[in-house]
Amino acid sequence: MQKNKHNLPPGPPKLPIIGNMHQLGALPHQSLCQLAKRYGPVMLLHLGGVPTLVISSAEAARVILKVNDLSSCSRPLLAYARMLSYNYLDIGFTPYSDYWKEMRKICNLELFSNKRVQSYRSIGEEEVDSLINSISQSSASATPVDLTEKLFSLTGSVILRIAFGTSFQGSGFNRHRFQEVAHDAEAILVGYSAAEFVPYVGWIIDRLCGLHHRSERIFHELDHFFQKVIDNHPSSERITEKDHEDIIDVLLKIVREQTGSEAARFSHANIKALLMNIFLAGVEPGAITMIWAMAELAKKPNLMKKAQDEVRYVTGNKGKVDESDIDQLQYLKMIVKETLRLHPPAPLLIPRETISHFKVNGYEIYPKSRIQINAWAIGRDPDYWNNPEEFIPERFIDSSIDFKGQHFELLPFGSGRRICPGIYMATTIVELGLANLLYWFDWKLPEGMTVKDISMEEEPGISLTVSKKTALNLVAVKFSAAS
Ligand code: HEM
């Protein structure tokens, strides 16, 4: 197929069968960033038999995600996404189609609108309160707090209540297993399976390596959980007895209200496919962002102090940071932006596939090309950022740059038609969580540790999201004016 194509982007020479797979390393976004220094910001690799364009500059990302948004807004059919998305009935992994447009409309209007996120507000506040209470207990005994565990628990509890109307106790998952399943499912979704990249025999390799079996196990575990929570949902008459609708209530209502030719178009399988996306997107990326932010601040106590002064000044002696304070926390918002610049939780976004032909940087991009945008590399590009490796929230003072998809040097949520629809929901919980951690406690390093000992290494492995490799343990000292 490549033979009749001309003026393709440059890229490293490939090996038979595996192509450039061996060059991805344990942290593909980092290896690809290095390769881009040699071959340029529009680079062509072969992952097994699949030609893949890797984009590593803000300008090339703009040409793809804005100028050619419609041409580049599909998704490739990933081998294991088929299973986990109920045969592409979801929104995140389904190719561009009328079905995707319908699902996206439901997300934008019904599930993640500002109004809907506001209606979840009390859940976020209650879960943050219980996080603060549990940290207070460790603080009383001066034992280090495992913030990694606590923050995954926070996002897990919030998403369980908002989406599934349940809690850890009711879900049948313990907190550890919940996080493990989310992580495994993400790795399976975009992990480089042999079925994907090795023609004809790839599926045999996956079976021999146990990947196929592992995927089936995760799928059945989640499917069982989704079915159970759907079955436990009240009938239409009883919804009004609840103080708020969760996402399953909203989706069941859509199923019930289908009429005429629409009837049965949207069924339990569609709901479960969407729940799969919400489960995966809702738990890991938010927790990862808060963990990196706290690690960066623990490394720079002067910045931590500045953020604490701000939140304590704005909150005064109310004894609680609530969402109405968050708009005034300008420095905290800069910290979140800076964290997402250096540590985008999905460093290569979600792969795209082109629908029609266009050009980038003079190279021809053909239909059905796979595209990976390296948001991690773009966030560290010295052409756009001064001292790009340094954590400097102040760089956003007097800057209009944000992460809502209009500034291509900062793309943690992607851009264009496929931009993350959960941005508002995600930033709401990240800002609320961080503001409370900074308000209620001073954070110290465990006995014998110095700032140099805080590891900023990333967890190796091929997955949709990349987290901090080691748990973040800090000692919480209750701030006296807050007690
Ligand atoms: C810090 C938190 C989050 C980050 C960094 C993040 C990042 C992303 C990225 C990079 C994409 C792909 C965008 C593209 O292809 O251009 C995406 C898509 C998506 N995100 Fe998020 N996300 C976050 C939180 C959430 C939350 C809380 C939800 C909902 C509960 C959510 C739901 C989705 C969905 C459904 C898609 C697929 C959209 C589509 O393909 O049309 N995300 N997200």
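Residues are numbered from 1 along each chain as its sequence is written. Because the model is predicted, local features were considered at pLDDT of at least 70 and side-chain atom pairs at pLDDT 80 or more, whereas totals for chains, interfaces and linings use all residues. Helices (H or I, at least four residues) and strands (E, at least two) are DSSP runs, numbered from the N terminus. Two strands are taken to pair if DSSP finds at least two bridges between them.

An open sheet of four strands has the order S1-S2-S7-S4, with mixed pairing. Its edges are formed by strand S1 (42-47) and strand S4 (352-353), each of which pairs on one side only. S1 and S2 run antiparallel and are joined by six bridges, with Thr52 in S2 as the bridge partner of Leu45. The hairpin of S1 and S2 has two residues between the strands, and Gly48 there takes a positive phi near 60°. S2 and S7 pair in the parallel sense over four bridges; here Thr52 has Arg370 of S7 as its bridge partner. Arg370 also stands opposite Glu353, in the antiparallel pairing of S4 with strand S7 (residues 370-373), which comprises two bridges. Strand S2 is mostly covered, five of its six residues being buried (20 or more other C-beta atoms within 10 Å of the residue's own, against 12 or fewer for exposed and in between for partly exposed, with C-beta atoms placed from the backbone).

Helix H2 (residues 58-67) lies across S1, strand S2 (50-55) and S7, and runs at about 120° to S2. Such angles run from 0 to 180 degrees between N-to-C directions, with axes fitted as lines to C-alpha atoms, for helices over the stretch in contact. Contact between two residues requires their C-beta atoms, placed from the backbone, to lie within 7 Å. The buried residues of H2 are Ala58, Ala60, Ala61, Arg62, Ile64 and Leu65. Their cover includes S1, S2, strand S5 (358-360), S7 and H19.

A further open sheet contains three strands in the order S3-S9-S8, with antiparallel pairing. Strand S3 (145-146) and strand S8 (441-444) are its edge strands, each pairing on one side only. S8 is joined by four bridges to strand S9 (residues 473-478), and these strands run antiparallel. Phe441 stands opposite Lys478 in S9.

Helix H18 (residues 330-342) consists of 13 residues and reaches 19 Å from its first C-alpha to its last, close to the expected 18 Å, a span given by 1.5 Å times one less than the number of residues. Among its buried residues are Leu332, Ile335, Val336 and Glu338. The buried residues of H18 pack against helix H15 (268-299), helix H16 (301-315), helix H19 (375-379) and helix H20 (423-440).

The ligand is surrounded by 26 residues, of which the closest are Ala281, Pro285, Gly414, Cys420 and Gly422; a residue is near a molecule or strand if its C-beta atom, placed from the backbone, lies within 6 Å of it. Helix H4 (98-111), H15 and H20 are the elements that give two or more residues to this shell. H15 provides the largest share, seven residues.

In an unreviewed entry, UniProt lists residues 274-295 as "transmembrane region"; its positions follow the numbering used here, feature names are shortened, and annotations may be inferred rather than shown by experiment. In the model, this span is 100% helix and 0% strand, and its end C-alpha atoms lie 32 Å apart.
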